[in-house]
Structures are given as C-alpha cells and as structure tokens.
Amino acid sequence: MWAQVPTPTTDQTPKNVLILGGIAHIGNGDKMENVAISLKNGYIDFIKYQMGSRIDRSQYDTVIQLEKEHIYPGFIATNSTIGLREIDAVRATLDYDDVGEYNPHVRSAIAYNTESRITPTVRSNGILLAQVTPRGGVISGTSSVMKLDGWNWEDALQAENQGVHLNWPPQYTGGGWWAEPGVLKENDKSEDKIKQVYEFFREAQAYAADTAPNTMNLRLHAMRGVFNEGQILYVHANRAKELRQIAQLKKEFHLQNVVIVGGYDAYLVPEVLKDQSIGVMYRRAHSLPLRPEDPVDLPYRIPAILQDTGILFCLDMGSGDMEVMNQRNLPFLAGTAVAYGLTYEDAVAAITGNTAKLLGIDDEVGTLENGKEATLFISSGDALDMKSNQVIIAFIKGNAIDLNDPQKELYRKYQGKYGAR
Amino acid sequence: MFVRLTMHKFYLAFFLLLCSFIGHAQEYFPTNGVDDPSTTSYLFEGATIQVSPEQQLTNSDIRIQNGKIIAVGELSPLQGEVVIDVTGKYIYPGFIDLDSDYGLQKSTKKNKSHIPQYETSVKGPYGWNEAVKPEVDAVQHLTIDMSKVEAYHTMGFTSVLTHHHDGIVRGTGAFVHLRKSELNKSVDRSKASAHFSFSKGSSQQQYPSSLMGVIALLRQTHYDAEWYNSISEKDHTNLSLEAWNQSKGLPWFLEVKDALDIPRAMLLSEELNQPLIIRGGNDTYQVIDQIGAQQLIIPLTVPKALDVEDPLDAMQATTAQLKHWDLSSSNAAILTQRSVPISITSNGITTSSEFFQQLQLAVKHGMSQEEALKALTTVPASWIGKTDIGELTVGFQSNFFITSQSIFEPDVEVLAVNVQDEFVQYQDFTSLNLSGSFNLNIEGTVYPLKLKSKGKKLEGYVLIEGDTFSVKGSFTNEEVNFYHSLPKNVLHRYSGKPNFKGKILDGRLQTSSGDWKVWSAVRQGDADKNSQSKDELEFVQPERPWFPNVAFGYDVRPERKDYFIDQVTIWTCDSNGKYLGDVVVRDGKIAEVGKNLAQTPDLEYINGKGMHLTPGIVDEHSHIAISRGVNEGTQASSAEVRIGDVVNPVDINIYRQLSGGVTTAQLLHGSANPIGGQSAIIKLKWGTSAETMKIGDAPGFIKFALGENVKQSNWGDYQKSRFPQTRMGVEQVYYDHFNRAKKYNEVANPAKEKGLLSFFQKDEAPTFRRDLELEALAEILDSTRFISCHSYVQSEINMLMHVADSMGFKVNTFTHILEGYKLADKLAEHGAAGSTFADWWAYKFEVNDAIPYNAAILHEQGVLTGINSDDAEMGRRLNQEAAKTVKYGSVSEEEALKMVTINPATMLHLEERIGSVTQGKDADLVLWTGHPLSVYSKVLFTMIEGVIYFSQDQHEETIVRMNQERDRIIQKMIKAKHNGAETEKVQVKNPKLYHCDTDEDEGH
C-alpha cells in the first residue's frame, strides 16, 4: 500500500452528519459562531446557531462536536489544469493544449484523470472542487467543474461543459526569440486577431440561431451554449485596454455571461466591467507586479480594491509555474488578500461563494446555506494561514473523503525508516 | 604671382575632378599617362579657425601643402599658390571616430543548426573558441566605401579607427583617413589597436552562452597567452595566442552592452593589468560613481520619445525608460563635468543634421564646447598615440572641415572636407546666408520681415498691420524670390536680387491684381539667432539620476543610523529564543540585545510595541540580480565562470525582496551542467553598486547539479550529444574533474607558494598554465570553496557524497534536495546541509517523490535545514514558506524561522556575521507587523547594516515621488511630440526571471 491515491466515495450513500460548534465561514461574507450544521443525503439540511436550537441527534449517523475549529465551504480552484497534467516536464502526462487556434469543441471533462497523484494533496488543504480548463490557442476549449473525488470523470462531474475559454489577443507581446526575450512590444497583430475573433463569433452566432443546421460544424456547435444556453464565456486577459475590448465584445454579441480570467488591470476600468456585469477571476495574487513601477504589494492589494469597486471577483491560482501542485496554496492567496485590506469573510467568499457564482454553480455549492450540497471541510486552525491550515474532515456532497495522500504515505514510510513516532 | 580662383572655377576644378587636389598615387606606382607632380600650396583665407579645442582664431588663414599644414595665422598669399576664399566660414580639425567598421564587411551568422556545435569550425592552427580571434586584422580586408566617406564627412569626421565588430576578441584595427581615393594613403596605421567585446557575435560554437562565460573566456585566454609566451620550446602552434601576445603594446578597446558592463570591464582591466578604452552607450551616466578616470567612448544617440498621450499606454512605459530618455542627452555633460575622459563616436547616428543637433544638445545640457571638441579631436588622437592629427597646427596632417557657421549653432552644415591632400566640397561656399531680420520697404512703407535660409530655400514671416504672414521662397547668389499671402485671397509675389552679400535685397513685386510695386529689404541683424538661443541653446541643468535609475530608485541614498528598537518581540534565532525586549543598533552592528536596555538620546527611537523583530532573511538559493545568463551550461563543467562578475544591482527584484525581509542572498549559477559556476553572496543594498552588494570576505561557493537538467533530459531532441546524458555519466564527470584538479594542485601549489600566480609581476617564468576551471575545483579539494549542489533523487545524492568522501572533502549543501528525506541519515553523517523548497513538486519526473514534509524530516534527523526560493516571486514570501514546515511536519515556529535565517547563514559560513539577532552581528533586521510566520504579517522595515533600505513609509513616499517624476517626463515627452519630435510606441523591456533551469544563449 505505497503512495496510492485514496479510494473515492462517490458510490457511497451519504451519511447524515451533525456538526455542532465551531466557527462557520458561510462563504457569502458572513460568519456564524457556535453553529449547528445538519448534513442529510449529501445536502445541507440546515445551518443555524446552536444556542436556542433544539436538535434531534438521533437522526444522525455521526455527530461532530467542535470548539474553536473552523468550518468552510469547499474551496474552489478555477482555471486549472488539475487532472489534465501530471508532471510538467513529461509530455506524455500533459493533456491540456491541443492543436488549433479555435477549439471550443475540445472539452476537458473527458480527459480528467481521477487517479492523479496531485489531486489528493490539493484537497487535503480544503480545495474540494476545481474548474478543469484547457489551455492554448485563441479558444482553448470547454471547461467543466469537477469534484475532487470520483472513480472516473463521469461521477466526478459537478458541472459539465460550463464554460468556453477565449484567450484575448494581448495588447503586448514579447519580442525577440527565446535567446533574447528583451522587449515587450505593442502587438501589431492584435487588431487583426480581434477581427478574427469577431468573425468567428459572427459565424457562431448565426449557427446558434439556426435551430436545425444542415451540416454539423463541431466548432460552431460547441459555441451554441454561449449564445443560447447561458454557458459562460471566460476571456483571459490582464491589461486595461484588453478588458475594455472584451466589454465591447459582450455588448456587440449580447452575450449573457462573460467572466474575465486574469484581470490584473480590472481596477483601472471598473465602470466598464460593472456596466456589462462582467466578473473577474483575479489572477494569482502571489505573482510579481506586472510592471516594475507597480507598488510591490499591488498584486496583494488588488482583491481589496476590487471589493471596493463592487466588481464580482474570485481568487484564481490560475495558470503559471507549477500551477497544478500550487492549487493547494489557493487558501493562502485569500490570506494574503486579508493582510492587504480584504475582510476575512470577503476573502473566504472570494474562494467559495463568489467563485461558485462565476462558475454558474452557486445554486449547488459555494456557501454553507440550506439546500446547498454538503461540500465543506473543517480545519483545526485558520485555513487561510499556512501556519494553521490543518484540514481534519472534509465532505464532498455529503461523503467524508479520505484526506490521505501519496505524500503523507511517503512521510510515514520514511518516518518508519528512522524509527520516529 | 598667385592665382586667385573665382569660386565658381574653383568648384569646377576641384569638385568635379574627383575631389582631389593632386590625384596621383604613390610615386613608385606606375603612371598611366604623364606624371602629374604637385608641390602647390593652398591657402584658405579669412576663416574662423579652430586651431585646437582651446584656441580659436578669427579672420585667419591656413596654408596646406602635400597633405600637411604649413602655416596658420594671418598669412599673405605666396607666388604660385591657390587661394580659396572662405571668408566668414569656420574651419575645424577633422573629427576622429574610434569606433568604426568603415570599409569592412559585416560578419553574418551561418544558418543556425539545431545541433549544438561544441568545437570550433575555423580552419587553421588557431585557438579553440571561434569567438576569440585576435588574429583577424582589419586592414587586410579594408576597402574604400564612398557612401560611408560622405556620411562621415558631412558629420565632420576625417579619420576613423576601424575594426571587425564581431566576436569577443575581434583582432586588430586600422587607423584610416577617410579619403575617396588611394587606399594606400588612407591607411595611416595598420594594427593600430586591439579590439574586444562582451558579445559572442556570429560564432555558432556553444561556449560561451552567458556574459559570465564571456568574461571567463577573456580571463582564461589572457592566462593561456601568458603561458604560451613563456614556453621557450613550444610543442604546438596557436596563432590566436600569438596574435594576442603581439597586440600587447597596442591600445585595447572593449565594447560593452550597457552601463553595468563598465565596472565589469574595469575589473577585468585590473586583472589583466591592461588598460582598456571602453566603448559605452548613452547610459554611462548611470555608473558615474564607479567610473573614476576610466577612458570611455560614447555615442551621442538618444532614445526616441515614447508615445504616451494615452495614460493606459503611458502606464506601460517603465520608469527606467522614462528616466533614461530624460537623462541620455546629459550623458556627455555628466561625464565631462566629473572629468571622465571621453571620446565621442558617431556610431548610431546616420545624418549630419542629427549629429550636430545631438552635439548641440549635449552642450546645452552642460558639456563645454571645449570638452566637446576635445572628445572629437585631441582625445581620440592621443588615445591611439597620434600626434599629427586632431589640431590645426603646423606640421599636422591637413585634415579639417569647413562649415557655414559655428558647429554649435543650429542648422550648421559641412561645406567641404579636406583629408590629407584630398579636398571634397559638398556645398558651394559662396551660398549666401539670408537668415536675419530685415526692414521690408514697399513704396515707402516699412514692414518687419524675418527670413531664414537653408540651402536654397527661404522661409520666414512678415508683419503687416499687426498680423504675421508666413513667407516662403528660394534664392541663389544672383536671384531672390518669395511670396506671402494677405487677407482676402491676396498674394504678393516678390522677385529681386541680393546685394552686398545679401545685406540688401531689392526688386519688384506683383500683387494679386497684377500691379507691380518696387520693394527693398535692408538687413537689420541676426534676429533669428537671438530668438533661437533663447529657445534652444539655453543651458539645461541635467536631471539627477536615481540610485538606481529605475522604478523605486532613491533620489537620496538612505543613510546608516543608530537605533533603539523598544519593546519588541525579538525572534533572536540564537540560543536566547524569543522574548520581549529591546535592541540597540550602532555603526551597522547589533550593539545590544536584551530586556530594559538603556535608551540614549543619540539613538533614533523605534517603537516596537506589538511588533516582531527577526534577523534579515537569508536566501540560500536565488537567481535574481544576474545580468545576461544564469547558466554557462555549454560544457559539462564551467567552474571558471563567476556570478560575481555579472551581479546586476538595478534588478527591481532586489527591492521587491527587501520588501519581503530578505537581506542576504546567494546568487547561484543555474543547474544546466554537473559542475556549474561560482556563486556571489550579496546583501540587498538597493541603490548601491554590484561590488558594494557583494559580501567581500564571504567564502567561495560553487554550484553543482545532478539529475534531469545536467543530463539534458528536458532540452529537446537535438540536445543529446554533450556528455553526460545519464546519471552514470554524471559520476564520471566528477571523478575526472577532481582527478585533474588534484594533478593541477601538484603544480599549482608550489607556484602559489612562491607568489607566481600572475606572471607579469615576476621575472621568473611561469612553470604552469593557470587554469581558472581547475583552480576553482582545486579550491574545493582544499576546502576553501564549498559546493551547493542542485539535487533531487537520493541515488545521485548518495553518489556525490561518495565522490566527496573519496576526494577528502565534504559537500557543503544539497540544495532543493527534495528526496533528502529518503537519506537524511546519510546526509547527517556526511555533514551536508539541506536547503529545500517548502512544497514544490510535480514539475519534473525526478520530483515526483518530493514531499512537503522533507524539511521536517531533515531537521529531525539532524541535518542543517533551510528553505530557499529559487524564484523571484517566492523570495518575497520566504517567511511564509518557512511557516509551511509548521503545517507539514510540525516543526516548531522558532525552528521554522531559523530555516530562513541562521540555518542558511550557517550553510554560507556566515553565521558569525549574520542570521540571528545577536550582539556583535551585522544589524540586518526586519520589523514585522505581527507573527513573522503568519500570512497576515507585513514587513514594516528591512535594515541592512544599520541602513533602512525598505520601509512601508518610505515605500509610500517613493510611490508619490515616482509618480511625480513620471508625470514630469511624460509631459515633456508629449510636448516633444507636439514640437515635432519623432516618437515610438511604448516597448517594455521584459525582465528576465531566472530559475536553475533557465538555459538560454545570452552571450550575444
């Protein structure tokens, strides 16, 4: 039994669990201390203050008695290649970027590897759901939200094909070649590229309007949801001018749901985004400033600034170095946002309730509210601070998952070698 | 009897006759036709003559004969002499450009093959590296390039030092006069100079790929040449080294890429005991404090203004770009005001008007005219040891140029150039200058008229009844015509002639109704010049560069102060643990630590209540602040390269990491080869120089590496030919190199004892070839240099410890060491330290077994354990990374903090000096808002040796100051654009962030 990925729970019948005590971070900006939370059939049956409530404990298979522990809705990783990549340097383990510029028909759900050795290390820090997202090209493909528990991709699905991902033509591109990266230049092709995006959207819109197209066009077909069915268009971009252009696209095509992924400059053009009700998945706050003259702590402060503008946003570990393994550090992005001005409960919302809204799954998950799926966890300490994040129990849709992971196995194995503990 | 040629005839005689007075070749060359000897002298009469930078003669004459100056002063024409009337013109000694590739073909890169080339492809018994070619001799490839001659002439240049601009060692240059005929006469001196650069050029050979490799190659070639020179009976021939040795007596020139290279070149010059003339750029002012009396060649180029009208575009312009744009015109002024000897090159400028504009701009910003002239004439002449050019003194070569007016006045043009006995005329001398203010008299009514003449064109304006109307026209020496409009579609067209050299113009004009009127215009003075001097020639105080001249640079460097830090929670990281107390800082040291210390009035008070104080964070593994390449991975061993040669003190990441409490960092070579390069250990003293940042007496370290990187596993299919490609091969690289190092020590040690390391200082012949690579490896054997080895997998870690044991030394530190937990017992036994990541894994196959509990196990098993960054971003949050060891493996908080303070300090053998809040240590301290391991805590200040380099308050003030400065320059740029300056779109230098794995060829 060496370094195995833990056994899934999705075929089990959820037990009825009663959680008593503890500090519940609701995920909508509120907090309740000393709560009673009832989990029945995989859903939150109720959440209320323990004081003055009469609860029939006999209805529950398990009663968890807490004191100062913290209860959180399952944290949600966005814009992630988790399950699509295992080892960055080994090509055979990479399944997130296919050939072609416009690939909305390529969808992540069916490539999601439930046997990834990384996933258990992520969920044992409280991340219980992930938006699994393709990369590359102009339209990378279609994402799905997965539960980080499952025998196969099918039973891991939380929301299938919920979004299409568009990489907005960047205003600046790196010049030169790999040996001399030197200069970031204004992208003189950006205008043409934007035109191409418009052309593609015009075709896709026409195709979507046709209820019975003669010929099946896989690409255009995969875009129908964006026009008709409330599928979300995620547009990846960071700079202010790009964000303005994206708002124009939404207006032009009367798109219902557009979310910016990245959004470093969103605070510079808030009225544009609010006017079009565009939300933001704010890129990894633990990044260097985009520009040398940006205050050193600007990436940390942006969440608080966005909160003040009223833009709906969540925190995204997102793309970048070692992104999959780094998803386990998502809670600490929220911690940093607290250090730099966001309230604690707003920070929790930025990795739970807000995220669920931006993924279109807020009816199901994201907060500790009656009727939501019982996807939540308990940490013995403050889960947003690395020195106290210790997940002791976690439920995904009512089932308590195994918090073991291959790294813990190796830890124990070698502790054994040295005869410790 | 002398001949006074009319101007027109003169023009025909000399301009059309291929521009030569004499036009015959060397006397021993066969002649086609009759001989055409000439001993005629020529007299240029009535000019303002710039005899030397210091001396100007007005209304004087100059006589030349056979390419020499015969007389200067008030002269009378001689019999048989050709007299040229240059009344009112200016004559300057011809300028000298020491950085030219005149008359030579540019080297081009061969087609880039994907397969790496490890050996030289040059035919012949030359050296081993293609970029080192001292044997190249420019003069052998020289041709006359007519269009370049003209370009140089119209900028006033008559002589250049030309060399092949390709390679690190570029061979010898030729000193050439810019004639249009007779190449043999052109060449004043072949092998006049030796040329070097910090760029690899067209060589396709792998080595060197980094700047530090370039510098190492230059150093090693120097020692090789010394040795080659000393062996009496050579067993081989190396023409490259022979050429290098032959160039020893010549002036040496080295071209650098940016200002930071200048101190690097100066250190090289010192080591080679060889003065270098450094060809810098327009950014040399940025290292003004470090230049001293270094000889510099600088261009007059300035960057274009940026298009910054849209504030969203302006945001993308870096402060470094804006500041540089603002200061580059002051470059020459800043240098000359600090008495840096400079020579000016025209390189980078293509037109005459641009050249003189930039020269005038430099003068406007504070370079004196005399200094400007020196930098173009006498200074370059003296640098190449020429005593017969650069002045218009009797006996000197007759190299000069004639201008319409002073070269420091706007719109100056070169009219003619004389080079030796060749005369080239570009414009008719006699062209009138009609610029000035006139009284325009039209049938008795007088109107003010201002004219400006350029070439044959006229423009200006006339003031009629309070309104100005613009005037346009043209003129020759015989005719003048112009026109201007008046209200109601009326146009006045003037036709006339100039009289008295343009002092009076007269003629008739026709109105729109067809009437003719008589007009005249009498010159009143040079009104134009006055207005121009106000607008354009006004002296501008140069702005001061910041320290460094980039975002978040200081305008005033912070000072060392003595402090009393009161009632703070001190994490001592020594045996005293954590407690509430006070700290006294004096003279950059921790003077006292304890409870209830006495506060004296000389100490600046810092209230620490509620705050936490820790030692400065020490990052054992960093790749920030490195210029042009972190890896010299082109050979299995590159022990000779030194990060210390390429520390980049202006990297913004220094400031960023200060803001995260980092005070000391080991800047490591990358991990592209089993034996990497030597480290630099720096303190993050933002705003100072590379040499100031380096901890001078820190022990030497070197990077080793194991695993996928060194066997090139992830480098693509073409990278399969360098040994080693397996872990098996890696072991043999070590045995091989250490065996060679041992052997080297057998010869080197006796020599070292005799002080024979630099042979130039001793008469005694060297007994061995100094080898920088083996020397570094021998230091490891002697335990005077320590290894920090990039490592992941336990098998090879074990292997390297065996290699070390068998060679009698210890592996100091295994860095990364992600499988260290699997052999922590062996590490402890060997005595190696482990510097690891808190939670990285899954990026390579070899880190698939990495676990975040690694640090905890290493620590428990008695291995000295640290947490490092290897990442510019994470370097700002090393306290948080240390905190993860509390989460993963339950390390105590105090021990966790030690993993980023005293433990790495101990690994670096600096534990006596830094790493803890202990009396007597350097005052490298960080004040935090709260618990130093918490995600919620922020740095209030970071102090290094008693200097607060970062503080929250200072940071906020800097942002305000920076924004004001940006706004000032942006306004200036917008104004420049509206005044017609050419602008370009904002381009941002993409800062390069290095990791161990970064292997990119930056030696170019």
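**Loops, helices and cavities in a predicted model**

B:Pro548 is found in the loop of chain B that runs between α14 (527–535) and β27 (563–571); helices (H or I, at least four residues) and strands (E, at least two) are DSSP runs, numbered from the N terminus. The peptide bond joining B:Phe547 to B:Pro548 is cis, with omega about -15 degrees.

The structure is a predicted model, in which local features need pLDDT of at least 70 and side-chain atom pairs count only at pLDDT 80 or more, while totals for chains, interfaces and linings use all residues. Residues are numbered from 1 along each chain as its sequence is written, chains are lettered from A and ligands numbered from 1 in the order in which they are written, and side-chain values use heavy atoms, with hydrogens and water left out.

Another cis peptide bond joins B:Tyr207 and B:Pro208, with omega about -5 degrees. B:Pro208 sits in the loop between β10 (187–197) and α4 (211–230) of chain B. In the loop between β24 (490–499) and β25 (504–510) of chain B lies B:Phe500. Phi of B:Phe500 is near 50 degrees, which is positive although the residue is not glycine.

Chain B is assigned domain 1 (1–30 + 38–110 + 122–426 + 955–1004), domain 2 (436–525) and domain 3 (617–914); the bounds come from an automatic or database domain assignment. Between the C-alpha centres of domain 2 and domain 3 of chain B the distance is 79 Å.

Two helices of chain B, α17 (residues 727–753) and α18 (residues 772–781), have axes that come within 8 Å and cross at roughly 90 degrees. Axes here are lines fitted to C-alpha atoms, for helices over the stretch in contact, and angles run from 0 to 180 degrees between N-to-C directions. Contact means heavy atoms within 4.5 Å; among the residues that make it are B:Phe738 and B:Tyr744 of α17(B), with B:Leu774 and B:Leu777 of α18(B). The residues of this contact comprise eight nonpolar, two polar and four charged, where Ala, Val, Leu, Ile, Met, Phe, Trp, Tyr, Cys and Pro count as nonpolar, Asp, Glu, Lys and Arg as charged, and the others, Gly among them, as polar.

Over the whole structure, a search finds 10 cavities of 30 Å³ or more. A cavity is a set of points, on a 1 Å grid over the protein atoms alone, where a 1.4 Å probe fits but cannot get out, and its lining residues have an atom within 4 Å of a point. Grid points are joined across faces, edges and corners, and a volume is the space filled by probe spheres set on the points.

The largest cavity holds about 210 Å³. Its lining has 20 residues, with A:Tyr300, A:Tyr340, B:Ser659, B:Gly660 and B:Arg876 nearest the centre. Two or more lining residues come from each of α10 (330–339) of chain A and α22 (878–887) and α25 (952–978) of chain B.

The second largest cavity holds about 80 Å³. Domain 1 and domain 3 of chain B both give residues to its lining, so this cavity lies between them. α6(B) gives the most, with three residues.

Conventions:
On a 1 Å grid over the protein atoms alone, a cavity is a set of points where a 1.4 Å probe fits but cannot get out, and a pocket is an open set with protein on both sides within 12 Å along at least five of seven lines; lining residues have an atom within 4 Å of a point.
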